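The exercises below concern a single protein chain. Work through each task with the sequence and the coordinates at hand, then compare with the solution.

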Amino acid sequence: LATLPHADTAHMGRLSGDEKAAAAAEGARTVPPREHGGNCDIKDLTRGAKVYFPVYVDGAGLSVGDLHFSQGDGEITFCGAIEMAGWIHMRVNLIKDGMSKYAIKNPVFMPSPITPKYDDYLIFEGISVDEQGKQHYLDVHIAYRQACLNAIEYLKKFGYSGAQAYAILGTAPVQGHISGVVDVPNACATLWLPTDIFEFDVKPNADGPKKELDGSIDVPLAPDK
């Protein structure tokens, strides 16, 4: 079982006493995405969005948290989105026997109409060949990582440090797409970087990239322990 229960930090809502202790010790953590919800990190789940959650247990509760002011699809830097305090107004309706009626076993989302509006993107492709040149059969995780690494190396040519470029991909409203999963052996993933978020031109041209930053300011890094 990935991400085992961790009772010390479990938020158990209205449960108390033995019920709280049992659920905290046995319940699946919601850090990863799961069949009943968990972290999904879809950038367009904001004001006006709808989510249809399957309910697997009687008396199930609903909780929400980890608000972001801005992030890229997947929050690839893990805790690198622009975190924020806030409140959420939710309307909850129940579709009885909805899982059976609609054959739903995982959440279904309707994104918000309030989405970042960009027209121009640089789209970086990645395939399921890792940094050591090893090929992985239709592995979309490695393909998306390669797309992100390609974008980071590209941005470094304009003077960004690797950490700065990485932070941009986690906080800016980049799009992540699975762009190919049928042409064996390689999966293809793409990262869409909106060019309008930059104050200078980052598109390729015959003159090559112009270094726009001097490297005097960098992103602080946590100790690697």
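**Exercise 1. Overall description**

Task: State what share of the 225 residues in the chain is buried, and give the order of the elements from the N terminus on.

Solution. The model is a predicted one. Step one is burial: buried residues account for 27% of the 225 residues in the chain. Step two is the inventory, which comes to four helices and seven strands. Step three is the order: from the N terminus on, the elements run α-β-β-β-α-β-β-α-α-β-β. Step four is the extent. Taken along the principal axes, the box filled by the C-alpha atoms is roughly 65 × 40 × 40 Å.

**Exercise 2. Salt bridges**

Task: Find how many salt bridges the chain has, then classify the partners in the pairs Lys-43 and Asp-44, Lys-156 and Glu-153, and Asp-201 and Lys-203.

Solution. The criterion is a side-chain nitrogen of Lys or Arg within 4 Å of a carboxyl oxygen of Asp or Glu. By this rule there are four salt bridges.

- Lys-43 and Asp-44 are joined through their side chains at 3.2 Å, N to O. The cut-off for a buried residue is under 20% relative accessible area. Lys-43 has 15% relative accessibility and is therefore buried; Asp-44, with 17%, is buried because of its relative accessible area.
- Lys-156 and Glu-153 form a salt bridge with an N to O distance of 3.3 Å. These two residues are three apart in helix H3, so about one helical turn separates them. Lys-156 counts as partly exposed at 36% relative accessibility, and Glu-153 is partly exposed at 45%.
- Asp-201 and Lys-203 meet at 3.3 Å, N to O. Asp-201 has 46% relative accessibility and counts as partly exposed. Lys-203 is partly exposed at 41%.

**Exercise 3. The second largest pocket**

Task: Give the volume of the second largest pocket and work out which element gives the most to its lining.

Solution. The volume is about 480 Å³. The lining of this pocket consists of 18 residues, and the closest to the centre are Gly-74, Ile-76, His-141, Tyr-144 and Arg-145. Next, sort the lining by element: helix H3 (140-156) and strand S6 (175-180) each supply at least two residues. H3 gives the most, with seven residues. Finally, sort by class: the lining has 10 nonpolar, four polar and four charged residues.

**Exercise 4. A nonpolar surface patch**

Task: Identify the residues that make the nonpolar surface patch of about 610 Å², and decide whether Val-92 is buried or exposed.

Solution. The patch is made by Val-51, Phe-53, Leu-62, Val-64, Ile-88, Met-90 and Val-92. Now place Val-92: this residue is in the loop between strand S3 (82-83) and helix H2 (98-102). Exposed means over 50% relative accessible area. Val-92 has 57% relative accessibility, so this residue counts as exposed.

**Exercise 5. Sequence and space**

Task: Compute how far apart Glu-131 and Leu-213 are in sequence and in space.

Solution. Begin with the location of Glu-131, which is in the loop between strand S5 (121-127) and H3. At 45% relative accessibility, Glu-131 counts as partly exposed. Counting along the chain, Glu-131 and Leu-213 are 82 residues apart. In space, the C-alpha to C-alpha distance between Glu-131 and Leu-213 is 27 Å.

Key. Residues are numbered from 1 along each chain as its sequence is written. This is a predicted model: local features need pLDDT of at least 70, side-chain atom pairs count only at pLDDT 80 or more; totals for chains, interfaces and linings use all residues. Side-chain values use heavy atoms; hydrogens and water are left out. Patches are made of residues with over 30% relative accessible area and no salt bridge: like charges are joined within 9 Å, nonpolar side chains (Val, Leu, Ile, Met, Phe, Trp, Tyr) within 5 Å. Accessible areas come from the Shrake-Rupley method with a 1.4 Å probe; for residues, only the protein chains shown count as cover. Buried means under 20% relative accessible area, exposed over 50%, partly exposed in between (1.4 Å probe, protein chains only). On a 1 Å grid over the protein atoms alone, a cavity is a set of points where a 1.4 Å probe fits but cannot get out, and a pocket is an open set with protein on both sides within 12 Å along at least five of seven lines; lining residues have an atom within 4 Å of a point. Grid points are joined across faces, edges and corners, and a volume is the space filled by probe spheres set on the points. Ala, Val, Leu, Ile, Met, Phe, Trp, Tyr, Cys and Pro count as nonpolar, Asp, Glu, Lys and Arg as charged, and the others, Gly among them, as polar.
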